[in-house]
Amino acid sequence: MSNGYEFLYIISSANKEQEINKIIKTTEYQLKAAGANILYHQGWPALTVKKKNINLSTANQSQKTEAIANNYLKRKSAYPLAGEIFGYYVLCYFKIKTEKLAETVELFSLNKQILRFNILKHNNI
């Protein structure tokens, strides 16, 4: 049985725009490889991408990822994470089988580009 989850992660502010895009795509690939169905994946807080006239509700996943990466804002953390005060916050909602979740969490734990992450079970997905 698939459950819905909310996944908030913080990418190091030391990364350049191209690296952020690569980290996001890698994260999506890891989720999809584990069998996840990604429902939403965007910078947090949700940002508009009107500059490029991209409608996120009709864009394909590649267009969404590019639009999101190009519109991130650095946010200040309440306290330093791995010695960094700022980071790029990304919010993702996905569905995945419960038994695959532990494997996915381990992958994100090993990713040095992700400073911190939190995955919560979301009953309304």
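**Exercise 1. Work out how exposed glutamate 103 is, and where it sits.**

Step 1: the relative accessibility of glutamate 103 is 41%. Step 2: compare that with the cut-offs, where buried means under 20% relative accessible area, exposed over 50%, and partly exposed in between (1.4 Å probe, protein chains only). So glutamate 103 is partly exposed. Step 4: look across to leucine 31, which is 72 residues away along the chain, with 9.9 Å between the two C-alpha atoms.

Before going on, a word on the model: it is predicted, so local features need pLDDT of at least 70 and side-chain atom pairs count only at pLDDT 80 or more, while totals for chains, interfaces and linings use all residues. Residues are numbered from 1 along each chain as its sequence is written, and side-chain values use heavy atoms, leaving out hydrogens and water.

**Exercise 2. Describe the overall layout of the protein chain.**

Step 1: count the elements, and you get 3 helices and 5 strands. Step 2: read them off from the N terminus, which gives β-α-β-α-β-β-α-β. Step 3: check burial; 42% of the 125 residues count as buried.

**Exercise 3. Check the length of helix 1.**

Step 1: helix 1 covers residues 17-33, which is 17 residues. Step 2: the expected span is 1.5 Å times one less than the number of residues, so helix 1 should span 24 Å. Step 3: its end C-alpha atoms are 24 Å apart, which agrees. Step 4: pick out its buried residues, among them Ile20, Ile24 and Leu31. Just after the helix, glycine 35 takes a positive phi of about 95°.

**Exercise 4. Find what surrounds asparagine 3.**

Step 1: asparagine 3 belongs to strand 1, residues 2-12. Step 2: its relative accessibility is 13%, so it counts as buried. Step 3: list its contacts (heavy atoms within 4.5 Å). Leaving aside residues up to four places away in sequence, asparagine 3 touches Phe94, Lys95, Ile96, Thr98 and Lys121. Step 4: look for a polar contact, meaning a pair of N or O atoms within 3.5 Å; within protein, one must be able to donate a hydrogen and the other to accept it, and residues adjacent in sequence count only if both atoms are side-chain atoms. The side chains of asparagine 3 and threonine 98 make one at 2.7 Å.

**Exercise 5. Classify the ring pair of phenylalanine 7 and phenylalanine 117.**

Step 1: rings of Phe, Tyr and Trp (its six-membered ring) pair if their centres lie within 6.5 Å; planes under 30 degrees apart are stacked, over 60 edge-to-face, and the rest tilted. The whole structure has 7 aromatic pairs. Step 2: in this one the centres are 6.1 Å apart and the planes are at 80°, so the pair is edge-to-face. Step 3: phenylalanine 7 is in strand 1 and phenylalanine 117 in strand 5 (residues 114-121), 110 residues apart, so the pair links distant parts of the chain. Step 4: phenylalanine 7 is buried at 0% relative accessibility, whereas phenylalanine 117 is partly exposed at 23%.

Key
Helices (H or I, at least four residues) and strands (E, at least two) are DSSP runs, numbered from the N terminus.
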